[in-house]
Amino acid sequence: MTLVLDGQSTRASLAKLIARVALVLLAFALAGCNGGTVDKHALKRDAEKVGSLATEGGLLANDVSRGASTEYFVRVHAHELSSAASGFAASLAKRPTSPGITPDVRRLSKLAGKVSRELEQLHLHPTDRNVAKSLKQPLMDDADAADRLAK
């Protein structure tokens, strides 16, 4: 892959780019899965992160639906996003919660699981424009639902 910046060509390794994205996502996921009791602040933070994963997945699905991403990038990036969402789903399903927010925490867990499954479909079908097109709106709707839980 060649990037052109200010008229100068630079060689960029796609593998290095993907590794950097994966590290950022891993740090992002681990920051949200710190265990302990989920309070209102943690619920807000985790809902924002799940919303961010869904938004990024929706943008990735949009790129795939237009043929604007490479198969390898989509496969790896969608898998990393799916894994991060899956981590939130598992963590939020079992962590203890502060009184009064348990239903919202469990709702966020289910939403994170849905986001994970949608992103896994993108991972499994990284060049299928129809699959990507069918995932764009659900992922954006999931991002909106997560944003509502963050409030």
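**Exercise 1.** Does Asp63 count as buried, partly exposed or exposed?

*Solution.* The model is predicted; local features need pLDDT of at least 70, side-chain atom pairs count only at pLDDT 80 or more, and totals for chains, interfaces and linings use all residues. Residues are numbered from 1 along each chain as its sequence is written, and side-chain values use heavy atoms, with hydrogens and water left out.

Step 1. Take the classes: buried is under 20% relative accessible area, exposed is over 50%, and partly exposed lies in between (1.4 Å probe, protein chains only).
Step 2. Asp63 has 25% relative accessibility, so Asp63 counts as partly exposed.
Step 3. The side chain of Asp63 meets that of Arg66 in a salt bridge, at 2.9 Å from N to O. The criterion is a side-chain nitrogen of Lys or Arg within 4 Å of a carboxyl oxygen of Asp or Glu.

**Exercise 2.** Describe the salt bridge between Lys114 and Glu118 and the exposure of each partner.

*Solution.* Step 1. The closest N and O atoms of Lys114 and Glu118 are 2.7 Å apart.
Step 1. Both residues lie in helix H4, four residues apart, about one turn of the helix. An α-helix has 3.6 residues a turn, so residues three or four places apart point the same way.
Step 2. Lys114, at 31% relative accessible area, is partly exposed, whereas Glu118, at 9%, is buried.

**Exercise 3.** Which residues have the most contacts inside the largest nonpolar core?

*Solution.* Step 1. A nonpolar core is a set of buried Ala, Val, Leu, Ile, Met, Phe, Trp, Tyr and Cys residues joined through side-chain atoms within 4.5 Å.
Step 1. The largest one has 36 residues, and Val38, Val50, Leu60, Leu108, Val115 and Leu122 have the most contacts inside it. H2, H3, H4 and H5 each supply at least two residues of this core.
Step 2. Leaving aside neighbours within four places in sequence, Val50 is in contact (heavy atoms within 4.5 Å) with Phe88, Leu108, Ala112, Val115 and Ala146.
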